Amino acid sequence: MKITIIGTGYVGLVTGVSLAALGHKVYVVGRDKSKIDKINAGNSPFYEPGLDILLKKVLSKKLLQATVDLEKSVITSKVVIIAVGTPTADNKIDLSQIIKSSEQIGSAIKKSKDYKVVAVKSTVVPTTTEKVVKPQIEKLSGKKIGKFGLCMNPEFLREGQAVEDATKPDRVVIGAYDKKSAEVFLKIYQKVKTPKLITNLRTAEMTKYASNALFATLISYSNEIARICEGIGDVDAKEIWDGVHLDKRLTPIVGRKRIRPAVNSFIFSGCGYGGSCFPKDTKALAHFAQGIGVEPQIIKNVIEVNRTQPERMVKLLKSVIKNLKNKKIAILGLSFKPETDDLRESPSIPVIKMLLKENANVIAHDPAVKEIKGLNINFAKTIKDAINNADAILLMTAWNEYKKIKPELFKKMTTKPLLIDGRRIFDKKEFTDAGVIYKGIGLS
Ligand SMILES: NC(=O)c1ccc[n+]([C@@H]2O[C@H](COP(=O)([O-])OP(=O)(O)OC[C@H]3O[C@@H](n4cnc5c(N)ncnc54)[C@H](O)[C@@H]3O)[C@@H](O)[C@H]2O)c1
C-alpha cells in the first residue's frame, strides 16, 4: 500500500521505516530540506538504536522516500498518517501543527479523485480528530467525510526501543470514523500478529493519554514514597521497592521462575520523568479534563511532584557542599533516559539551571547528547574528563556505560568523591565501603 507520513520526527520516521519494512511504499514528508536529504542518504537526523540500519535497508529496496512535497505524496497515497508534533503551550495542547497539516492534506485531497484514509498518529486530546482534523479536511478538500476516511491510530513506541516497538507493536489501536476507514487502515497491519483493537476515534485518543498518565503516576507516586523515606531517616527507598516488587502480583512466579514485568521499572524512585511525552501529555490531559468540568486531582499532583523532583538532586548535593560557587560539578547523563539523545523536558536541564544559578562550574558528559543550546556549561568527551577533580558527581541518566563505573575511578579522579545518584544505579554499600560519599534519591 502507498502511505504518506507527515512529520519526520521520532514517530514519523520510525513509523515510516517500519511500515516500509512491512513492504509498503512509504513517503515521509518533512519541511526541512537538509533533514530530508539526510534521510534519503540513509542517516537519521536523530539518534535511535537500529534506525539507520533499517532505514538504509528500506531505501535500498526503494520502499521509502523522504520528501518535502506533501501534495504529491498525498495524491499518490491511499493512506495519509499525521505524525506531527503536539507540544503543550501554557499547559494546553498546541494543535497548530495538526491544523496546518490537516489543511495541507485537505488541499491535496481536493486534487484527487481517489478514496483516501487520513489517520492521526500524533497524540491529541479526545475529540480532536472529529472536531479539528475532520472539519479542516472537509473545508479544504470540499469533500464530506465518507468521500475520505478518518482514523486515529495512537503510537505507543518508546524512544530508545522505538524500532523494536514499531516493527513488533504490542498492540494496534485503531479508532475509526466508520467501518470502511477501519478496513482500509487495518490492511496496513495485515502482516503484524498482535492484538488489534478497533474503537471509535475518541476512545483511541483517550487510550494514549490513559496509558501515559498511568506510567507518569507510578513514577510520581514512587518519588513521593522516596520523599517520605528520606524524611524518616535510616530508610532506603530502593530496599522498599525491592520488597514491594517481590509481591507476586507484580513479579509473578511461573514454575520456579519469577517474571519481572517492565512496569516495575516505573515503580522506582529517581530524579523524575522527562521526554517528549509524559510531561506534555499529563499537562494536556489535566487541562482537557478541566475544560470538560472534571478536576484532575491525581494528575495535577503527579505533575507537581515531577516538577519539583529535580530539586531533590540539588538539595542532596547542598546537604554536603553548602556553597556551590566555583565548585566543579560533573553531570553524568543529559538525555531524559538512556539510548536516546532526546533532551526534551529532561530532569538534567532544571538541575543544571539550578547549579548555574548558584555559580557552580558545570561539566557534562552524555554518550549521545553533545550540546545544549543556551546553557553555559562545558562538555567532557569522556567520563574520566568529566569527573576529573570534580567536587561532586550527579548521575542523571541510567546509561549502561555509567552502570559499569567502579568506585575506584571516583577515588582516583577526585580528592573527596561525592556521588549523588539520581537513578539509583550504583551499589550504595560498594561505593560507601570504598570511601565515596554516596547520596541518592530516596536515601536519607
Ligand atoms: N517521541 C515519542 O516517543 C512519541 C511516542 C508516542 C507518541 N508520540 C506523539 O507523536 C507525535 C510526534 O512526536 P515526535 O516526537 O515525532 O515529534 P517531533 O517534534 O520529533 O516531530 C514532529 C515533526 O513533524 C514535522 N512537521 C510538523 N508539521 C509539519 C508539516 N505540516 N509538514 C511536514 N512536517 C511537519 C516537524 O517539523 C517535526 O520534524 C506527537 O504528538 C507525540 O506526542 C511521540
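I count a residue as buried under 20% relative accessible area, exposed over 50% and partly exposed in between (1.4 Å probe, protein chains only). Helices (H or I, at least four residues) and strands (E, at least two) are DSSP runs, numbered from the N terminus. The model is predicted: local features need pLDDT of at least 70, side-chain atom pairs count only at pLDDT 80 or more, and totals for chains, interfaces and linings use all residues. Residues are numbered from 1 along each chain as its sequence is written, and side-chain values use heavy atoms, with hydrogens and water left out.

Entry one: strand 9.
I checked residues 172-176, and five of the five are buried, so strand 9 is largely enclosed by the rest of the structure. Val-172, Ile-174 and Ala-176 point one way, Val-173 and Gly-175 the other. In a regular strand, side chains alternate between the two faces of the sheet.

Next I looked up the neighbours; pairing needs at least two DSSP bridges between the strands. Strand 8 (residues 149-152) runs antiparallel to strand 9, joined by two bridges. Strand 10 (residues 196-199) is parallel to strand 9, over four bridges. I found Gly-175 as the bridge partner of Met-152, and Gly-175 also stands opposite Thr-199 in strand 10.

Entry two: helix 3.
Which residues of helix 3 are buried? I noted Leu-51, Leu-54, Leu-55, Val-58 and Leu-59. Just after helix 3, Lys-62 takes a positive phi of about 60°.
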